[in-house]
Amino acid sequence: MQSPSMRRVFVTGGTGFVGRAVVQALRAEGCAVRCLVRRGSERDLRGLGAIERIEGDVMSRQSLDQGMAGCDAVIHLVGIIREHSSIGATFERVHTQGTINVLEAAAAVGARRYVHMSALGTRAGARSRYHQTKWAAEEAVRASPVPWTIFRPSIIYGRGDGFVTLLARMIQRLPVVPVIGAGRQRLQPLPVTHVAEGFVRALMLDATVKHTYDVGGPEPVTMVDLIDRVAAAMGRRRPLKVHAPLGLVRPLTAVLHRFPDYPLTPDQLLMLEEESTCEPGPFYETFGLVPISLGAGLAAMLA
Ligand SMILES: NC(=O)c1ccc[n+]([C@@H]2O[C@H](COP(=O)([O-])OP(=O)(O)OC[C@H]3O[C@@H](n4cnc5c(N)ncnc54)[C@H](OP(=O)(O)O)[C@@H]3O)[C@@H](O)[C@H]2O)c1
């Protein structure tokens with residue numbers, strides 16, 4: 001069943017990679033968008049047109065209560081891949097407590113819909129703290145009285161992302177591309193535009209209430225394959241690779257992750273060691289989206 005349109009939508013994480021695409025998709029749908037923005041991040045919303053900005057933080061209930069007043073729906077995207085304990089940005093606080101704060105504010109203002117960003121691999125008893133705290137956040141969502149939908153994407157790619165862009169940069173600049181371990185673990189990357197469309201369409205589809213969607217592209221690829229596909233999309237030959245044994249990367253990462261330029265944390269390493277694949281059929285069918293092949297998606301991104 002089709003819901004009445006959501007006139008004003010409150011978005012957290014709107015300044016991020018996925019958030020910018022979600023804001024664009026909401027605007028294309030004719031929704032008024034109000035973004036929660038941390039002080040200093042306002043610039044990241046440049047070019048997105050007429051959107052309301054509310055200064056705040058998911059750690060502050062007050063900023064959420066004030067910011068959400070008058071909104072019909074909430075899209076909660078905030079998440080971190082790296083903790084910054086010195087400023088209190090731990091996975092527990094940002095993922096779990098942040099979500100509880102957003103849910104409580106959404107219930108308090110009488111929001112009619114809530115759409116939540118989780119991640120593939122989120123499950124009870126997950127190995128990484130990223131996934132453990134995303135699971136606790138999901139549990140809070142499931143206990144909320146506000147009609148909810150949860151999305152769990154694999155790797156999301158597009159201009160401005162943190163993953164494929166990093167691979168492309170390594171392919172461009174390094175004589176050999178480092179691969180962690182054998183690089184046989186599989187991922188299912190999908191374009192950010194499809195994730196954004198899913199979030200916006202979920203707001204309108206009552207049938208998606210209380211449903212969780214695994215989200216991935218049409219083809220699982222190994223990390224080694226992905227590097228080759230990215231190179232092909234850049235018009236380059238298959239790059240040479242050097243495999244860094246896990247037995248070496250683990251202790252190095254345990255020490256070096258404290259340096260901001262080191263691109264990996266122990267928690268990310270745990271996730272990279274796992275497969276990130278799913279059966280994405282229900283996502284594409286429910287939201288009326290046609291899967292885009294990885295080759296076509298990467299070519300569009302890297303052209
Ligand atoms: N990218 C992927 O491949 C992928 C895959 C699966 C799931 N996800 C999930 O998707 C979500 C968005 O990911 P992304 O790639 O777009 O990340 P991103 O570019 O790092 O964006 C994160 C967003 O969260 C905001 N944020 C962080 N801490 C906050 C806080 N305490 N209060 C308010 N806002 C805060 C950031 O604001 P500032 O601009 O102020 O920093 C930014 O808008 C995350 O939940 C992530 O776990 C991403």
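Select D214 and R152 to start: the two form a salt bridge, with the closest N and O atoms 3.9 Å apart. A salt bridge here is a side-chain nitrogen of Lys or Arg within 4 Å of a carboxyl oxygen of Asp or Glu. The pair links distant parts of the chain, 62 residues apart, with D214 in strand β11 (residues 211-215) and R152 in strand β6. Helices (H or I, at least four residues) and strands (E, at least two) are DSSP runs, numbered from the N terminus.

The model is predicted: local features need pLDDT of at least 70, side-chain atom pairs count only at pLDDT 80 or more, and totals for chains, interfaces and linings use all residues. Residues are numbered from 1 along each chain as its sequence is written, and side-chain values use heavy atoms, with hydrogens and water left out.

**Stay on R152**

Is R152 buried or exposed? R152 counts as buried, at 15% relative accessibility. D214 counts as partly exposed, at 29%. Buried means under 20% relative accessible area, exposed over 50%, and partly exposed in between (1.4 Å probe, protein chains only).

Together E138, E139, R142, R152 and D214 are linked in a network of salt bridges. The count for the model comes to 21 salt bridges.

**A pair within one helix**

Select R61 and D65. Their side chains meet in a salt bridge (3.1 Å, N to O). The two are 4 residues apart in helix α2 (residues 61-68), so about one helical turn separates them. R61 is partly exposed, with a relative accessible area of 27%. D65 is partly exposed at 29% relative accessibility.

**The ligand**

Select the ligand and the residues around it. Which residues come nearest? Of the 22 residues around the ligand, they are T15, S41, L77, Y130 and K134. A residue is near a molecule if one of its heavy atoms lies within 4 Å of it.

Show distances from the ligand to these side chains:

- T15: a polar side-chain atom lies 2.5 Å from a ligand oxygen atom.
- Y130: a side-chain N or O atom is 2.5 Å from a ligand oxygen atom.
- K134: a side-chain N or O atom is 2.7 Å from a ligand oxygen atom.

Taken alone, the ligand exposes 900 Å², and the protein buries 81% of that. Accessible areas come from the Shrake-Rupley method with a 1.4 Å probe. Colour α1 (17-28) and α4 (129-142): these are the elements that give two or more residues to the shell around the ligand. By class, the shell has 11 nonpolar, 7 polar and 4 charged residues.

**The cores**

Last, show the largest nonpolar core, with 39 residues. A nonpolar core is a set of buried Ala, Val, Leu, Ile, Met, Phe, Trp, Tyr and Cys residues joined through side-chain atoms within 4.5 Å. Select V9, V11, L26, I75, F151, F199 and L203, which touch the most other members. Elements that give two or more residues to this core include β1 (8-12), β4 (73-76) and α6 (192-204). α6 gives the most, with 8 residues. Then pick V74, A106, A140 and M271: these are among the 26 residues of a second, separate core.

Conventions: A polar contact is a pair of N or O atoms within 3.5 Å; within protein, one must be able to donate a hydrogen and the other to accept it, and residues adjacent in sequence count only if both atoms are side-chain atoms. Ala, Val, Leu, Ile, Met, Phe, Trp, Tyr, Cys and Pro count as nonpolar, Asp, Glu, Lys and Arg as charged, and the others, Gly among them, as polar.
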